[in-house]
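Here are my notes on this model, in numbered points. Please read them with the structure open.

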Amino acid sequence: EAAMAGAPVDDLIPVNTPPTAEHAEMLGSRLRTLEETLLDPSRTLLNVRLPAGEVEPVWALRQEDGTFEVESIPLRSNEFAVGDIVKAEDVDGDLVVTEQVKRSGNSVIRMEVSNSLELDDIHAELRARGCDSEGDGTALAVHVPAEVPYAPVFHYLNEGHRADRWSFDEAVLRHEREVQPAKGKLRPSRPPSGGRT
C-alpha cells in the first residue's frame with residue numbers, strides 16, 4: 001500500500017525489490033493467489049517426480065472425478081504444463097503425480113536470464129505477448145497458452161538469445177513452429193532453357 005501511494009517504506013518489513021507501484025501490484029497479485037490457494041480446499045500441492053529421485057511441487061485444482069488440473073508453471077519438470085489433467089496417489093502423506101490424463105495444449109519454456117536487472121522488463125515483454133512467467137532468481141518458467149500464436153513468442157526468445165540476454169529451452173512444446181521456406185526454393189537458381197533473365 002505504501003509503494004502504491006508513493007509513501008516511505010523505511011519503517012516497514014523489507015522486501016528485496018524496489019518499492020515501485022509495478023512491484024507492489026505484482027506482490028499484491030501473488031499474495032491474493034496465496035490467500036485464495038490457502039483458503040480453497042480444492043487447491044493442493046502435488047509432487048512431480050524428477051530424475052535422480054527429486055520432486056517438484058506444483059499447485060493443482062482437484063476435479064470432481066478425483067483427478068487434478070495443474071495450476072502453476074512447472075519450473076523443472078519437462079512433462080507437464082498449466083492446465084494438464086493428471087492423476088496422483090498418496091505416498092507417505094504427499095500426493096505424487098502418477099500419470100497424465102489429458103494434455104492442455106499449453107507449452108512451457110524455460111529461460112536462464114543473463115542480467116537479473118532485466119527481469120521486470122522480461123516479465124512485462126512476455127505478458128505483452130500473452131505469456132505468464134514465474135521465476136526462481138534468474139531462472140524463469142514461461143506459460144504459453146494454447147491460443148497464443150507461438151511464432152511471435154519464438155521470435156522474441158530467439159532474438160534475446162542471439163543478443164545474449166538469455167538462453168532458453170522449449171521444455172514442453174505443444175505449439176507448432178512457424179514453417180520457414182527452404183532457401184533456394186523461392187525462385188529458380190537459373191532461368192529455364194530458352195527463357196529470359
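1. The accessible surface of the protein is about 13,300 Å², and carbon and sulfur atoms hold 50% of it. Areas are Shrake-Rupley values with a 1.4 Å probe, and for residues only the protein chains shown count as cover. Of the 197 residues, 33% are buried (under 20% relative accessible area; exposed is over 50%, partly exposed in between).

2. This is a predicted model: local features need pLDDT of at least 70, side-chain atom pairs pLDDT 80 or more, while totals for chains, interfaces and linings use all residues. Numbering starts from 1 along each chain as its sequence is written, and side-chain values use heavy atoms, without hydrogens or water.

3. The protein has four helices and nine strands (DSSP runs, numbered from the N terminus: H or I of at least four residues, E of at least two). The order is α-α-β-β-β-β-β-β-α-β-β-α-β.

4. Three aromatic pairs are counted (Phe, Tyr or six-membered Trp ring centres within 6.5 Å; planes under 30 degrees apart are stacked, over 60 edge-to-face, the rest tilted). Tyr 150 and Phe 154 are tilted, 6.0 Å centre to centre and 45 degrees between planes. Both lie in helix H4 (residues 150-162), four residues apart. Tyr 150 is buried at 3%; Phe 154 is partly exposed at 26%.

5. Tyr 156 and Trp 166 also pair: their centres are 5.1 Å apart and their planes at 50 degrees, so this pair is tilted. Tyr 156 is in helix H4 and Trp 166 in strand S9 (residues 166-172), so the pair ties together parts ten residues apart in sequence. Trp 166 is buried at 2%.

Methods: Buried means under 20% relative accessible area, exposed over 50%, partly exposed in between (1.4 Å probe, protein chains only).
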